[in-house]
Structure formats: structure tokens, C-alpha cells
Amino acid sequence: MTIRKVRRSQTVSPFGPGAIIDLVGESFVAEDVSRWPHGAEAIHMPRLAASLQIHEIKTAPVRGLPYYRFPQWLFCPSCRRMERWSTVREKKDPVPRCQSCTRKPIPQLVPMRFVAVCARGHLGDVDWRRWAHSAARAGSSGRTSAGTSRCADSRLTFETNAGVGGGLHSTEVRCSVCGASRSLEDLPTKESLRRVGQRCTGRQPWQVDAEAVSCDEPLAAVQRGASSVYFPEVVSAIDIPPESNWSVLSSPAVLLKANSNFNLVLDNPGHPARSVLLGVAATETGLSLSEVESVLSGLETDAEPSAPASDRADLIPDEWMALIDPPAGPDAYDRRNKFVARKKDLTATTVDGRLSAAASELTYLATEVTMVEKLREVRVLEGFKRHKAEQLISANLGPYRTLLPGVEVYGEGFFLRFNEDALATWEARLEVIGRAHTLTDRKEDRPEFAWLPTPTSRFLLLHTFAHLLLRQTAFEAGYSASSLRERLYVTDPKSGPRMAGVLIYTAAGDTEGTLGGLVRLGEPDRLTTLVAGALTAARWCSFDPVCGESTGQGPYGLSMAACHACSLVAETSCVAANRLLDRRLVVDEEFGFFRNMLAAIDGDLDTGSS
């Protein structure tokens with residue numbers, strides 16, 4: 001048996017349901033969670049589950065997940081023969097090899113590069129038989145039309161013609177029976193598949209025809225590794241008190257609510273196997289049967305009609321309150337808790353020299369720091385989008401959609417809270433307002449980026465500062481840059497408490513978490529040095545003055561003074577896919593939020609400036 005490995009944390013992103021994964025010359029697509037085998041472990045996070053309107057979050061079982069071979073059209077790199085691999089053949093030979101070659105060893109078949117996708121997220125193979133037999137001709141208008149006339153017994157080959165240059169024009173699909181052929185030059189053009197008669201199947205590759213829905217969206221042929229093939233929608237939350245406290249986590253009610261057998265009885269009071277399921281639940285949780293029945297009785301008595309799910313945005317304000325006012329006392333520092341944090345006063349710093357003046361400025365701009373010694377984050381894949389990102393496809397396509405895939409990770413970090421008075425003064429500057437409006441207008445002109453946060457001046461500042469801090473932290477703490485993450489706490493312009501804070505943290509997929517190197521950087525002395533280093537490095541980019549004077553960088557100009565050399569981080573670390581960044585809002589000598597701190601570092605601070 002061939003064993004292919006994927007890390008458990010990757011089963012949510014980037015290789016969660018709907019994603020295409022390449023493994024040593026093979027290509028697969030992950031099936032949705034309804035097809036996961038039994039044995040998946042439940043993850044307890046009621047706050048996140050309520051927000052997503054689901055009952056269960058489960059992590060991938062250790063024994064593996066179903067991945068469907070896709071594309072099914074493969075070709076031999078030696079004889080160029082094309083074959084459509086079937087699920088029947090997959091069971092007999094899990095490693096596809098050419099049946100036409102006499103060469104030893106027998107070559108392994110290679111997946112075709114192009115797949116067919118529609119704006120509603122359906123995915124399938126390109127109909128290569130139709131493509132090879134399509135007779136393209138130029139009409140009087142100059143537009144290309146095509147009809148199809150397939151032979152009864154098509155035998156396709158994927159040829160490369162070295163005599164016509166490079167690119168798609170030099171590759172073609174040919175039928176060795178009738179001699180029909182067509183190059184791939186026109187394949188990526190708009191409605192090329194519709195012109196050859198291919199229509200959307202209305203399903204995902206692993207679904208059967210009975211699960212298909214009616215879809216009239218035109219198909220687009222794209223390379224299977226293109227970024228537009230898969231846009232995961234991941235929602236995450238940090239475990240906070242009181243739910244994160246060991247006294248709550250170890251209670252019978254919480255243990256049983258995370259048990260699938262108990263939930264089956266709770267959802268179906270008249271279940272015929274009620275007593276058996278409760279007995280299994282008691283064994284699995286280590287409780288007595290009487291304790292299980294007592295908890296069940298209490299939940300059934302207190303049962304009320306389900307209230308509407310809380311607003312998704314409510315997840316962030318709750319975390320904000322836990323970070324700015326972490327619980328204290330002996331129970332709060334129990335190492336069995338999932339959230340352990342201590343607040344520090346930034347004025348406790350003892351740095352001297354030029355950093356002393358810089359520290360004084362920092363204590364005005366940022367009021368306090370919280371050292372998060374232990375945290376637990378749960379990430380859930382709600383679904384995914386494809387191509388034009390017009391429709392969200394659920395990560396659970398089964399009949400019962402109360403379960404979604406997730407992963408829990410443990411780690412540490414530090415949280416920096418900004419001064420509202422300093423922010424209000426800075427946000428009123430005309431230069432700041434103008435730069436934020438520019439990016440807001442650009443975002444509104446691109447509907448496909450509706451998922452991005454509103455680029456207020458406050459968001460742009462905190463987001464860019466977090467990136468600069470992440471880059472500097474990677475040097476100071478010894479973590480790889482991709483292992484660090486940002487989490488922003490920014491006031492929603494429409495509602496919610498006034499928030500302005502940045503959490504820099506790292507999280508690993510095991511119960512031990514990390515080793516304290518990151519949380520120590522939250523100590524006032526170390527934090528002052530860290531912030532000063534990040535700001536100093538950000539003043540000059542190796543692409544300046546081009547980067548610093550840029551009026552638009554990145555896709556559709558959704559960032560301004562920010563590039564790979566100064567501000568961008570790994571996309572797994574960023575909440576906005578490396579968009580909505582502007583370094584000048586942080587360090588500009590005229591209107592940057594940290595301009596006075598930088599002046600203090602240089603030793604020429606004008607205390608009369610505003």
C-alpha cells in the first residue's frame with residue numbers, strides 16, 4: 001500500500017476539503033468532511049461552534065483522510081498516451097502506470113495541467129476528447145468558433161511540437177485513431193470550453209452524479225496549481241476564560257458535550273439505543289452512568305428553543321476583554337488552563353541611553369502589554385471558493401451539516417494595546433485620512449475582495465505595524481517567520497467597543513505548545529528594544545525610494561508603501577493575505593504614528609511637535 005502523508009494541521013489549510021494537493025508527481029483533491037472515516041476527535045470550542053451555527057468541530061483522524069485522484073486525465077511522459085483513470089482502477093493499482101509502454105521500469109502516469117472550474121465553485125476535468133476533436137475556424141468577425149465531431153474510439157496523446165516555439169501553442173492533444181488534433185493555445189481564453197460543448201457538471205470531483213446541482217455558469221480552463229482554484233474560508237478563535245479554565249474543562253457537562261455518543265442521545269431523546277450510547281459515553285469520558293444520566297437530565301430540563309447564532313464579529317471583542325484584563329489569582333495560573341496571561345506596565349522598563357527617550361514615547365503610544373504564557377487557538381474550515389469567488393462551498397457537503405473540520409493548536413505570545421488618545425489625534429491628520437480613503441475606494445471597486453477588512457487608517461496602521469514586528473521577532477526569538485502569526489483587534493466602524501491592539505503569537509499542533517521564547521519578548525525592556533529595532537529597519541527599504549513613494553503595490557494596488565523587502569510576511573501569518581499595508585503610516589517623518597519614537601532613537605526629538 002502506498003502511504004502519502006499530510007500534517008494534521010494542513011487538513012484545514014492549505015490542504016483542507018476542496019483543495020488540490022500535489023505529491024511527488026501525483027495530484028489529489030481533498031474530499032469534504034462528510035466522507036471522513038469514523039474516529040475523528042471532537043474539539044471543544046462552544047463559542048466558535050455557536051458562531052458558525054454548528055454542533056461539532058472535529059479534527060482529522062490519525063488513520064487518514066480520503067483524497068480523490070484529480071485530475072483523472074493522466075498521460076505517460078514516455079509514450080505520451082493519455083488515459084482517464086477510474087476509481088475502479090484506483091482500487092486495483094493505487095499508483096497509475098502506463099499500460100502501453102514496453103519501457104522498464106514502467107513509467108508512472110502524470111496528471112494533466114489544466115482543470116475546469118466555474119464561478120460557483122464546481123470543479124472537474126477538461127473534456128479532452130471534445131477538445132481534440134473540435135474543428136476551430138476563424139469566422140468573418142475574427143472570433144473563433146468550434147464544433148465537435150468525435151470518433152467512436154478515441155485514443156488520445158499529449159504531444160509537444162518542438163518546431164513551433166514554446167508556450168501552449170507548442171502542445172496539443174491528438175487522437176491517434178482519426179488524426180484530429182488541437183493545440184492548447186486557445187484553452188485559457190474566455191468560454192473556450194463552452195464553444196466545444198462542455199458544460200458544468202454542478203459538482204465536485206469526488207461527488208457522484210446524484211449529488212450534482214443544476215449550474216449554467218460557464219467553465220474556465222485554469223492550471224490546477226493556480227491560486228484562483230482554491231480560496232479557503234478559515235475562522236479561528238482563541239480559548240478564553242471561563243471556558244478555558246481547567247475547573248470548567250474537567251466538569252462532567254463539558255466532557256459529555258464533546259462526546260459524539262452523548263450528543264446523539266441529546267439530539268434524539270427517543271433513540272432506541274439510548275441506554276447503550278449513554279453507557280459508551282460513560283466509558284469514554286471516565287464518568288459513572290449515574291453522572292451521565294444526571295447531566296443529560298439537566299440539559300433536557302433546561303432545553304430551550306435555539307436562539308439565533310451570535311454575530312461572527314462577537315468573537316473578537318470577547319478576546320479583547322480577556323487580553324486587556326486577564327484573570328488573576330492562583331486559579332488563573334493553573335498550568336492546566338488553556339489560557340494563562342499576565343499584564344505588564346510598560347513604564348516598568350529600565351532601558352537607558354537613547355532607548356530611554358524612545359521607551360518614554362512608546363509608553364504614550366502603547367499603554368500596556370499582556371504576556372500570554374499559554375493560549376489555545378481553534379481553526380475551523382467553514383468552506384471554500386473558486387475562480388471568481390462568487391459562492392461559498394461548504395466544507396461539509398453531506399445531508400447533516402452540523403459538523404465542520406478543525407484543528408486546535410497551542411502556543412504563546414504577547415499583546416500590545418495602543419493608546420486611544422494618541423490614535424484619535426493621529427487619525428485626524430489629513431494625510432492619514434487621504435491614504436486610507438485611497439485604499440478604501442480601491443477595495444470597493446473590486447467585489448472579489450469583499451472578504452478583506454475595511455481599510456480604515458487604524459487598521460492599516462496596526463496591520464502594517466504587526467508585519468514589521470513579526471519580521472523583527474523572527475530575528476529576536478529564533479522562530480521561523482512562517483511560524484509566527486498576527487491577530488488584530490481593531491474597532492469595527494459600525495459597532496463594538498473601541499479596540500486597538502496587536503497579538504503576536506506562535507502556535508504548534510501539539511499539547512506542549514512552545515517554549516517561552518516569544519512571551520519573554522513582551523517584557524518591557526525587551527519589547528522596547530524589539531519595537532525600536534522593527535521601526536528602525538522599516539525606515540529604509542532596499543527598494544526605496546520606489547517603494548516609499550509608491551501609490552499602489554500588490555494586486556490591484558491594495559497596498560501602498562509595502563513590498564517583499566520591507567513589510568510582507570508569509571501569507572499563513574497574515575489576516576489579509578499581504579494586502580492593506582502602508583509603511584509610511586507607521587514611520588513617515590511627517591505623519592507616521594511612530595515618528596516621535598524614531599526621532600527619540602535618533603536623539604533629535606522635538607518635544608514641541610504633535
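View 1. Phe594 is buried, with a relative accessible area of 1%; buried means under 20% relative accessible area, exposed over 50% and partly exposed in between, with a 1.4 Å probe and protein chains only. Phe593 is buried as well, at a relative accessible area of 4%. This is a predicted model, in which local features need pLDDT of at least 70 and side-chain atom pairs count only at pLDDT 80 or more, while totals for chains, interfaces and linings use all residues. Residues are numbered from 1 along each chain as its sequence is written, and side-chain values use heavy atoms, with hydrogens and water left out.

**View 2. Phe75 and Phe158.** The structure holds 11 aromatic pairs. Rings of Phe, Tyr and Trp (its six-membered ring) pair if their centres lie within 6.5 Å; planes under 30 degrees apart count as stacked, over 60 as edge-to-face and the rest as tilted. The planes of Phe75 and Phe158 are at 65° and the ring centres 5.0 Å apart, so this pair is edge-to-face. Phe75 lies in strand E6 (residues 73–75) and Phe158 in strand E13 (residues 156–160), 83 residues apart. Strands are DSSP runs of E, at least two residues long, numbered from the N terminus. Both Phe75 and Phe158 are buried.

**View 3. An aromatic cluster.** Phe418, Trp426, Phe465, Phe593 and Phe594 form one aromatic cluster.

**View 4. Arginines over rings.** The charged end of Arg182 sits over the ring of Trp131, 3.9 Å from its centre. A charge sits over a ring if NZ of Lys or CZ of Arg is within 6 Å of the ring centre and within 35 degrees of the ring normal. Arg342 lies over the face of Tyr333, 3.9 Å from the ring centre.

Methods: Helix = DSSP H or I, 4+ residues; strand = E, 2+ residues; numbered from the N terminus.
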